[in-house]
Amino acid sequence: MKIDDIMYSKMQSEIAALASSINEIVGKFKKLQHPLTESREKVPKATEQLDKISEQTAQATHQMLDTVEGITQREEQVKQRLNTLKEKITSGNLDGAEELIDSLIKTAEQTYEDVYTIMDTLQFQDITSQQINHAASLLEEVELRLHKIISVYNGQDSSMTEECTDSEKAKRVYDPHADFSDKKATQADIDNLFARKAES
Amino acid sequence: MARTILVVDDSPTVVKFVSFSLKNKGYQVVTASDGMEAIEKISSMKEDIELVITDLNMPNLDGYSLISTLRQSENHRQTPIIILTSEEGTDDRQRGMEVGASSYLVKPFKSSVLLEEVSKLLQ
């Protein structure tokens, strides 16, 4: 064999090895593209959920504070009316006493309703807890993608990371659409659907 | 005698809130944190469950499976079941109706609306 032939053969095998390396690198980049795209989409979604939590927590808190303010203002009136009633009883002049008692009953009923309004508003805890779980789940997925990228770079098997994170994710149960906004229109549609079912 | 209602939800806040509203109106309340616990409680209880209020998204056994299981049982084929959920999509409502729910309330809800529905279904 000539020296040129030997050189040619060596170069050929080097070029083949180089081509194989390039293929491997391209393959790795292709593998990275999907997790990177997914991560890019998930982070804004998580941010959106966290913004929603902040907004709806504030909304619920203001609603409760307004109701509590109403109750405390009425309690001042209740005290005044009770004092007037006491004076009337002490003096023996009961003119207007019945009206005073009626107004006190109305105030008590209003306070009872307000307590239920506060109770209803406290549901924001359940709603925001679901929103937090959704945001956490999205961030966990981003974490998984980043682990995958590192695994691809290090030439490791990325399926192990996926299995591990999947088992963590299974613990989270939430509704991704949980929202504290008013659902009157939706509820009316649902009631119609169930009413039709009951009729048929 | 007080009528017994089973409340099933994985959110302790919702369970407490719904139980408070029902007990205040004189109902007896039994609670479970998922479908599996609900079935265990129903099977082991001596008194009859007259109405079930259930969430949909729950660990171990979800609300749909709980309703299907109850509807297969002779004792609970006719028991009124209210779904209480934040899932408001058309598919969820349709599925809820198909598995045999009697009513479907979307969270957040007003306790007065829930109490009205309970009273209507127990008539």
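In chain A, 80% of the contacts between residues at least 6 apart in sequence join residues at least 24 apart, where a contact means heavy atoms within 4.5 Å. This is a predicted model in which local features need pLDDT of at least 70 and side-chain atom pairs count only at pLDDT 80 or more, while totals for chains, interfaces and linings use all residues. Residues are numbered from 1 along each chain as its sequence is written, chains are lettered from A and ligands numbered from 1 in the order in which they are written, and side-chain values use heavy atoms, with hydrogens and water left out.

Chain A has 5 helices and 0 strands, these being DSSP runs of H or I with at least four residues for helices and of E with at least two for strands, numbered from the N terminus. The radius of gyration of chain A is 34 Å, well over the 16 Å that the globule rule gives for 200 residues, so chain A is more spread out than a compact globule; the radius is taken over C-alpha atoms, and the rule is 2.2 Å times the number of residues to the power 0.38. Along the principal axes, the C-alpha atoms of chain A fill a box of roughly 135 × 50 × 25 Å. Of its 200 residues, 32% count as buried, that is, under 20% relative accessible area, with a 1.4 Å probe and protein chains only.

Turning to aromatic side chains, A:Tyr112, A:Tyr116 and B:Phe20 form one aromatic cluster, where rings of Phe, Tyr and Trp (its six-membered ring) pair if their centres lie within 6.5 Å.

Definitions and conventions
Buried < 20%, exposed > 50% of the residue type's maximum accessible area, 1.4 Å probe, protein only. Phe/Tyr/Trp six-rings, centres within 6.5 Å; stacked < 30°, edge-to-face > 60°.
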